[in-house]
Amino acid sequence: QQVYNSKLRMDSLVITPISQQSANQRAGRAGRTGPGKCFRLYTQSAYKNEMLGATVPEIQRTNLGTTVLTLKAMGINDLLSFDFMDSPNPVTLISAMHNLYNLGALDDEGLLTRLGRRMAEFPLDPQLSKILISSVELNCIQSILTIVAML
């Protein structure tokens with residue numbers, strides 16, 4: 001599972017048990033279209049004690065930089081009171097906005113800058129968008145394109 005650590009500002013892949021909900025859904029697929037069996041490779045104790053009831057929504061465990069940038073580009077500026085289906089941690093949301101401010105994508109009032117609007121056009125992390133835009137001005141676009149493509 002991909003998990004974002006807001007203190008380190010890094011994503012990491014973490015091995016986590018599936019949720020009870022996912023386990024039940026997978027078991028329900030066995031034999032749906034033909035004869036089938038479900039083999040559970042964990043103990044009943046692990047199911048009850050180690051597995052969460054439901055999977056943590058992705059918006060609550062990933063970097064919100066791209067999400068914030070996209071919402072701002074759509075004209076949604078008050079993100080702390082935005083009605084998310086599964087609300088992210090406000091600290092993570094504020095951290096994403098602070099990071100975008102440091103990149104020059106947001107101004108002092110939290111509004112999108114011209115640079116931020118250009119960054120939102122790229123389907124990339126905001127840091128990579130900023131690198132690509134800056135590489136044009138620094139006349140090193142070919143090298144940066146190669147590096148970003150490898151990330």
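User: Which residues does Met97 touch, leaving out residues up to four places away in sequence?
Analyst: Met97 touches Val68, Lys72, Leu79, Leu80 and Leu106. Contact here means heavy atoms within 4.5 Å. Keep in mind that this is a predicted model: local features need pLDDT of at least 70 and side-chain atom pairs count only at pLDDT 80 or more, while totals for chains, interfaces and linings use all residues. Residues are numbered from 1 along each chain as its sequence is written, and side-chain values use heavy atoms, with hydrogens and water left out.

User: OK, and where is Met97?
Analyst: Met97 is in helix H4. Helices (H or I, at least four residues) and strands (E, at least two) are DSSP runs, numbered from the N terminus.

User: Is Met97 buried or exposed?
Analyst: Met97 counts as buried, because its relative accessibility is 17%. The cut-offs are under 20% relative accessible area for buried, over 50% for exposed, and partly exposed in between (1.4 Å probe, protein chains only).

User: How far is Met97 from Leu69?
Analyst: Their C-alpha atoms are separated by 8.4 Å, and the two residues sit 28 apart along the chain.

User: How do H3 and H4 cross?
Analyst: The axes of H3 (residues 65–73) and H4 come within 9 Å and cross at roughly 75°. On the H3 side, Gly65, Val68, Leu69 and Lys72 make the contact, and on the H4 side it's Leu93, Ala96, Met97 and Leu100.

User: What counts as an axis, and what are the angle cut-offs?
Analyst: Axes are lines fitted to C-alpha atoms, for helices over the stretch in contact, and angles run from 0 to 180 degrees between N-to-C directions. Under 35 degrees is roughly parallel, over 145 roughly antiparallel, 65 to 115 roughly perpendicular, and the rest oblique.

User: How do the axes of H4 and H6 cross, then?
Analyst: The axes of H4 (residues 90–103) and H6 (residues 126–137) come within 10 Å and cross at roughly 10°. H4 and H6 are therefore roughly parallel to each other.

User: Which residues meet there?
Analyst: Asn99, Leu100 and Leu103 in H4 meet Pro126, Gln127 and Lys130 in H6.

User: Let's do loops. Where is Asp86, and what does it touch?
Analyst: Asp86 is in the loop between H3 and H4. Leaving out residues up to four places away in sequence, Asp86 touches Pro57, Ile59 and Gln60. Asp86 is partly exposed, with a relative accessible area of 35%. From Asp86 to Thr67, 19 residues apart along the chain, the C-alpha separation is 13 Å.

User: And where is Thr113?
Analyst: Thr113 is in the loop between H4 and helix H5 (114–120). Not counting residues up to four places away in sequence, Thr113 touches Gly104, Ala105, Leu106 and Asp107.

User: Last topic: which residues form the nonpolar patch on the surface?
Analyst: Ile147, Met150 and Leu151 form that patch, with about 370 Å² of accessible area together. Leu151 is in the segment after helix H7 (141–150), and Leu151 is exposed, with a relative accessible area of 70%.

User: What are the rules for a patch?
Analyst: Patch residues have over 30% relative accessible area and no salt bridge; like charges are joined within 9 Å, and nonpolar side chains (Val, Leu, Ile, Met, Phe, Trp, Tyr) within 5 Å. A salt bridge is a side-chain nitrogen of Lys or Arg within 4 Å of a carboxyl oxygen of Asp or Glu. Accessible areas come from the Shrake-Rupley method with a 1.4 Å probe, and for residues only the protein chains shown count as cover.
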